Structure formats: structure tokens, C-alpha cells
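Visitor: I am new to reading protein structures. Could you walk me through one?

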Amino acid sequence: MSALKIKKGDTVRVIAGKDKDKEGKVLSVNAKDKKVVVEGVNMITKHMKPSAMNQQGGIVNREAPISIANVMYLHKGKPTRIGFKIEGGKKVRVAKSTGETID
């Protein structure tokens with residue numbers, strides 16, 4: 001399995017779907033299903049039963065996963081594709097538009 005190009009904490013822009021052109025921070029990445037949860041994007045209403053964590057219960061708004069193919073990494077405010085390069089024996093992510101290392 002190849003390494004995913006989007007990681008937790010990255011800032012991304014949605015490029016397809018009902019939330020197109022929205023931006024947010026990646027809260028979690030599911031590598032197996034190739035999905036990401038982005039802050040403030042793909043909001044759903046979920047009916048929660050009262051539990052120890054949620055005493056009140058009721059209707060809760062939360063983010064749902066979105067396909068990793070529908071988001072694009074933002075480098076200095078502009079969307080860019082991501083590649084990989086070996087630098088000093090380490091594999092690093094590189095912004096395709098500028099050639100700069102990301103992390």
C-alpha cells in the first residue's frame with residue numbers, strides 16, 4: 001500500500017461535492033477506506049441516545065468522512081498536488097507547484 005499524501009493537521013480545500021471550495025483542517029485520516037474528516041465540511045445531523053459521554057442526548061451536528069480524492073492540499077494558500085522525494089535518506093512530501101518540501 002502506498003503512502004497517503006494527506007495527513008492529519010494539513011489544511012485542505014474541497015474540490016468536488018456539495019461543499020466544493022470550502023477549506024479546513026484535517027481532523028482524522030482513515031487510510032484503509034481512503035477517507036478524511038475535515039473541520040466544518042460535510043456536516044451531518046446525528047441522533048444520539050443519552051450515554052455516559054453525552055448525558056443529554058438529542059440531535060448533534062458533526063463532520064462526516066469525505067473521500068481523499070475530493071480534497072486538495074493547500075500550500076501557502078494555493079491548492080497543489082503532492083509528490084515524494086528522498087532527502088538525506090528520508091522520504092519527504094514535496095509541493096508539485098513550487099518544489100518545496102512540506103514536512
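Visitor: In the hairpin of β2 and β3, which residue takes a positive phi?

Guide: Lys34 does, with a phi near 55 degrees. That hairpin has four residues between its strands. This is a predicted model, where local features need pLDDT of at least 70 and side-chain atom pairs pLDDT 80 or more, while totals for chains, interfaces and linings use all residues. Residues are numbered from 1 along each chain as its sequence is written, and side-chain values use heavy atoms, without hydrogens or water.

Visitor: How many helices and strands are there in the protein chain?

Guide: Elements are DSSP runs numbered from the N terminus: helices are H or I, at least four residues, and strands are E, at least two. Here the protein chain has zero helices and 10 strands.

Visitor: Which strands form the open sheet, and in what order?

Guide: Two strands pair if DSSP finds at least two bridges between them. In this model six strands make an open sheet, ordered β6-β3-β2-β1-β7-β8, with antiparallel pairing. The edges are β6 (66–67) and β8 (78–80). Each has a single partner strand, so one side of each lacks a neighbour in the sheet.

Visitor: How many bridges join β2 to β3?

Guide: Four, between β2 (residues 23–30) and β3 (residues 35–38), which run antiparallel. Asn30 has Lys35 of β3 as its bridge partner. Val26 is bridged to Val38, also in β3. On to β1 (residues 11–14): three bridges pair this strand with β2, again antiparallel. There, Thr11 has Lys25 of β2 as its bridge partner.

Visitor: Now a loop. Is Asp19 buried or exposed?

Guide: Buried means under 20% relative accessible area, exposed over 50%, and partly exposed lies in between (1.4 Å probe, protein chains only). Asp19 sits in the loop between β1 and β2. Its relative accessible area is 9%, so Asp19 is buried.

Visitor: What does the side chain of Asp19 reach?

Guide: A polar contact is a pair of N or O atoms within 3.5 Å; within protein, one must be able to donate a hydrogen and the other to accept it, and residues adjacent in sequence count only if both atoms are side-chain atoms. The Asp19 side chain reaches the backbone nitrogen of Asn42 at 2.5 Å. For plain contact, heavy atoms lie within 4.5 Å. Leaving aside neighbours within four places in sequence, Asp19 contacts Val14, Val41, Asn42 and Met43.

Visitor: Where is Asn42 placed?

Guide: Asn42 is in the loop between β3 and β4 (43–48). Its relative accessibility is 16%, so Asn42 counts as buried too. A polar atom of the Asn42 side chain lies 3.0 Å from the backbone oxygen of Pro65. Not counting residues up to four places away in sequence, Asn42 touches several others, including Lys18, Arg62, Glu63 and Ile66.

Visitor: And the whole chain: what is its radius of gyration?

Guide: The radius is taken over C-alpha atoms, and the globule rule is 2.2 Å times the number of residues to the power 0.38. The protein chain has 16 Å, whereas a compact globule of 103 residues would have a value near 13 Å. The C-alpha trace spans about 55 × 30 × 20 Å along its principal axes. Of the 103 residues, 27% are buried.
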